[in-house]
Amino acid sequence: MATGKVFERHKQAWTTDEVQKLHMLAKKGMALKGLAKALTRSEESIRIRAKADGLEIAKLR
């Protein structure tokens, strides 16, 4: 049985590369779901980091 693999990224600090990627993709207008998938982080985690950095996340229309 696989143990402890599901939330391996839980509460991990953001790396410089991840922050740069978040900024780049958010500026391109990528939606929250896409950002979460691209960065392998939860939508909540993305939302919190974006707010802390003053980034606007594109809303799906």
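Guide: Helices here are DSSP runs of H or I with at least four residues, strands are runs of E with at least two, and both are numbered from the N terminus. The model is predicted, so local features need pLDDT of at least 70 and side-chain atom pairs count only at pLDDT 80 or more, while totals for chains, interfaces and linings use all residues. Residues are numbered from 1 along each chain as its sequence is written, and side-chain values use heavy atoms, with hydrogens and water left out.

The protein chain contains 3 helices and 0 strands, in the order α-α-α from the N terminus. Of its 61 residues, 28% count as buried (under 20% relative accessible area with a 1.4 Å probe, protein chains only).

A pocket is an open set of points on a 1 Å grid where a 1.4 Å probe fits, with protein on both sides within 12 Å along at least five of seven lines; its lining residues have an atom within 4 Å of a point. The second largest pocket holds about 200 Å³ of space, the volume being that filled by probe spheres set on the points.

Its lining consists of 13 residues, and Leu32, Arg47, Ile57, Ala58 and Lys59 are those nearest the centre. Both α2 (32–39) and α3 (43–53) contribute at least two residues each to this lining; α3 provides the largest share, with 4 residues.

By residue type, the lining of the second largest pocket has 7 nonpolar, 6 charged and no polar residues. Here Ala, Val, Leu, Ile, Met, Phe, Trp, Tyr, Cys and Pro are nonpolar, Asp, Glu, Lys and Arg are charged, and the others, Gly among them, are polar.

Definitions and conventions:
Buried means under 20% relative accessible area, exposed over 50%, partly exposed in between (1.4 Å probe, protein chains only).
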